[in-house]
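Dear colleague,

Please find below the structure that I am handing over to you.

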Amino acid sequence: MTKRIFRSIMAVSLSVLLASLVLIVGVLYGYFQDRVTAELAQSTAYIARGVESQGMDYLSGGLPEDRRITWIGAGGEVLFDNWQTAADMENHGEREEVHEAMLLGRGTASRYSSTLSQKTVYYALRLSDGSVLRLADTQYSVWVLVLQAMQPVALMMLLAFCLALWLAGRVSRQLVEPINAIDLNEPGDEAPYEELSPLIGKIRSQNRQIQRQVETLRQRREEFNAITENMSEGLLVIDQETRVLSHNSAALKLLGCQRPVEEGESVLALDREAGFRRCVEEALAGRRREELLERDGECRRVFASPVEQDGVQNGAVLIVLDVTEKEQREALRREFTANVSHELKTPLTSILGTAEILENGLVKPEDIPHFAGNIHREAQRLIGLVNDIIKLSRLDEGSPAAQWEAVDLYRLSRSILDQLAVAAEKKQVTMTLEGGSALARGVPQIVEEIIYNLCDNAVAYNHAGGSVTVTVSDTPEGGRVTVRDTGIGIPREAQGRVFERFYRVDKSHSSGGTGLGLSIVKHGAAYLGAQVTLESEPGKGSTFILTFPKIAE
Amino acid sequence: MRNKFDEQLEKLHVELIQMGALCEDAISAAAEALLKGDEELAQAAIEAEREIDQAEREVENLCMKLLLQQQPVARDLRTISSALKMISDLERIGDQAADIADLTRHVGLPNGSGMLHIADMARAVIGMVTDSVDSFVKKDLDLARAVYAADDQVDALFEQVKQELIDMLAADATYGEQGLDLLMVAKYLERIGDHATNVAEWVEYSLTGVHPSNN
């Protein structure tokens with residue numbers, strides 16, 4: 001802008017200067033031409049007087065050579081010329097100025113001289129004898145005069161030009177300076193020029209708008225970050241070149257990446273397992289994909305979806321979930337289903353086989369009670385199993401339709417021991433109840449189920465002549481039932497697993513039972529909020545300690 | 001222009017990661033195939049080897065393009081030249097994994113505790129390959145140096161396996177062919193360890209500008 005203004009000012013001043021120059025030259029030229037002609041007339045008159053009195057002698061008597069002097073006879077023949085040889089010259093009678101002088105006494109002309117081949121000014125004067133004296137001066141002399149006069153003018157012009165140069169620079173800078181001084185980020189209320197006020201106003205309002213939008217965007221981003229940071233699922237957004245655009249810390253944690261993600265880093269630098277790579281590739285190729293990654297016993301499920309904008313794919317979103325627990329549960333469930341089918345099938349096969357033998361009449365009548373007893377026993381086992389499964393699934397659902405009430409653990413234990421007396425006698429196991437009354441809050445059926453199962457196990461997995469001691473006590477932590485036996489015990493490596501469904505230390509199933517007893521204990525205790533701990537030594541016996549939560553006063 | 005260069009460098013990085021990951025897949029599949037006698041895994045290792053060859057050519061092309069079109073200097077030049085060296089080591093790892101997979105098709109691991117060390121060796125080598133690729137991905141100098149240390153361990157394991165095989169053959173010559181094949185497997189594993197070390201060395205070179213073999 002400064003340059004533009006400077007150039008404009010310079011152009012204007014230059015044209016003014018040039019115009020005045022032309023004007024001055026024009027005026028000066030006219031003036032000097034007049035002067036040259038006047039001088040010529042004067043000289044001619046002066047020389048004419050000399051010629052009148054002395055004739056040819058005067059002319060040839062050393063007149064200055066700076067002007068051409070021609071004396072032409074009345075007939076037009078050249079009598080004398082101080083620049084040329086007179087005899088060689090043609091008749092001048094028809095020359096404009098000569099002709100004019102012959103007619104009118106004097107004549108002037110300004111024309112191209114064929115003799116001198118120059119633009120020439122002529123002045124002719126008729127002498128008394130009818131001859132004509134002519135003086136000529138070149139136009140060139142006019143120009144010399146003009147130029148001489150022009151010298152100071154040109155100097156002035158040069159000065160004026162320099163002044164214009166300096167002023168133009170200064171003025172243009174001064175004009176532009178306030179515009180440059182405007183702070184575009186925060187333009188003041190006052191515009192330096194009135195013409196700029198709408199512009200400044202517009203900038204101000206747009207600045208405000210931009211600030212508002214930036215603020216909104218920042219807030220949105222913070223909200224988005226807050227939400228994604230609080231997600232337990234890992235979220236990764238990547239572009240078509242697998243660069244991470246956005247991520248949350250859960251994603252890094254789930255992918256096992258300890259360091260922060262660098263700007264523009266590839267997602268494959270975070271995890272390059274085959275499954276993960278397939279997900280990324282497929283999603284970037286525009287297909288959804290889901291993969292399960294397993295590593296160090298941890299399971300991650302990755303969902304990858306392509307991101308499309310206006311029909312053009314430009315990235316993918318990856319969601320990483322921790323499914324370790326789910327997968328473990330799934331595995332347990334599968335194991336449970338397989339176990340249940342197996343456990344249900346065993347007695348049924350036995351029943352089926354026995355029934356078939358009976359049906360075919362292959363059994364002697366006296367053996368029938370034995371076979372029938374077999375069927376009865378197996379059917380009972382089946383019912384026991386189904387009952388246990390029902391109890392377990394009720395506990396799983398967590399909704400036994402039962403009332404919570406205070407249960408006297410001592411009284412309950414007494415009745416359980418009575419129920420088991422027959423079985424204990426059969427195994428030659430002595431059962432004793434120690435301690436005193438203790439109260440616990442719970443669902444009586446479940447509490448009974450738990451203690452019954454513990455005592456039942458203590459009898460079942462005992463040696464002949466062994467003992468079972470049930471101790472009920474009221475501890476500061478709450479009511480406690482301890483079931484100690486002198487049985488076969490549980491090996492250390494199996495102690496963690498005995499509470500699993502269908503887990504048996506003795507794989508041969510020789511000891512009977514459904515394999516669900518301790519599982520019912522565990523789930524029941526969990527339902528009631530009670531703790532079960534196990535201490536056991538193989539060959540010496542096991543101790544189960546059941547501690548109920550303290551009853552709130 | 002520079003922006004495009006950075007983009008291409010990043011692409012090179014990603015492709016190297018992918019190639020490294022493929023090598024990890026190949027060697028784990030080959031080792032699993034060896035230890036479990038799984039025909040399908042052996043096939044997977046051989047497939048992976050083909051992909052690795054493909055990846056090597058791609059990375060090579062990319063490197064050449066970068067060298068010719070961008071004329072990189074200093075650190076970038078180091079990155080690209082070490083990438084060129086690294087891919088040939090990675091490609092060798094893939095080849096040897098495929099060779100192991102090929103051998104496992106007719107060598108079952110005999111039941112016996114004597115072979116336990118070949119499993120240890122396979123695990124150690126897989127760890128080395130993973131660490132060398134990791135050191136590249138994470139630009140982790142310490143991890144790269146840990147790979148050199150692991151190589152000594154693998155060499156020691158190789159000696160041990162060799163001795164075990166000698167003892168086995170001395171005791172019972174009927175396992176002759178199997179014993180020799182297993183020795184080759186062990187040798188391949190040992191070579192893979194060396195290549196993993198080379199990769200780690202090139203990682204160090206690209207990071208520091210000094211190749212460890214010059215010290």
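Two strands are taken to pair if DSSP finds at least two bridges between them. Helices (H or I, at least four residues) and strands (E, at least two) are DSSP runs, numbered from the N terminus. The model is a predicted one, in which local features need pLDDT of at least 70 and side-chain atom pairs count only at pLDDT 80 or more, while totals for chains, interfaces and linings use all residues. Residues are numbered from 1 along each chain as its sequence is written, and chains are lettered from A and ligands numbered from 1 in the order in which they are written.

Chain A as a whole

Chain A has 13 helices and 17 strands. Of its 553 residues, 24% count as buried; a residue is buried if 20 or more other C-beta atoms lie within 10 Å of its own, exposed if 12 or fewer, and partly exposed in between, with C-beta atoms placed from the backbone. Two residues are in contact if their C-beta atoms, placed in that way, lie within 7 Å. Among the contacts in chain A with a separation of 6 or more, 56% are between residues 24 or more positions apart.

Strands of chain A in the order 7-6-10-9-8 make up an open sheet of five, with antiparallel pairing. At its edges are strand 7 (244-247) and strand 8 (289-295) of chain A, each of which pairs on one side only. From one strand to the next the twist averages 20°; axes are lines fitted to C-alpha atoms, for helices over the stretch in contact, and angles run from 0 to 180 degrees between N-to-C directions. Strand 6 (residues 234-238) and strand 10 (residues 312-322) of chain A run antiparallel and are joined by five bridges. Leu236(A) has Leu318(A) in strand 10 of chain A as its bridge partner. Helix 7 (residues 274-284) of chain A packs on this sheet, where it touches strand 8, strand 9 (298-309) and strand 10 of chain A, and its direction makes about 165° with that of strand 8.

Strand 1 (residues 68-72) and strand 2 of chain A pair in the antiparallel sense over three bridges, and Trp71(A) stands opposite Phe80(A) in strand 2 of chain A.

Helix 1 and helix 4

Helix 1 (residues 2-54) and helix 4 (residues 139-180) of chain A pack at an angle of about 165°, with their axes 9 Å apart. The two helices are therefore roughly antiparallel to each other, a term that applies to angles over 145 degrees.

Leu184(A) lies in the loop between helix 4 and helix 5 (197-230) of chain A. Leu184(A) is exposed, with 9 other C-beta atoms within 10 Å. From C-alpha to C-alpha, Leu184(A) is 8.3 Å from Ile200(A), at 16 residues apart in sequence.

Yours sincerely

Technical notes: Parallel < 35°, antiparallel > 145°, perpendicular 65-115°, else oblique.
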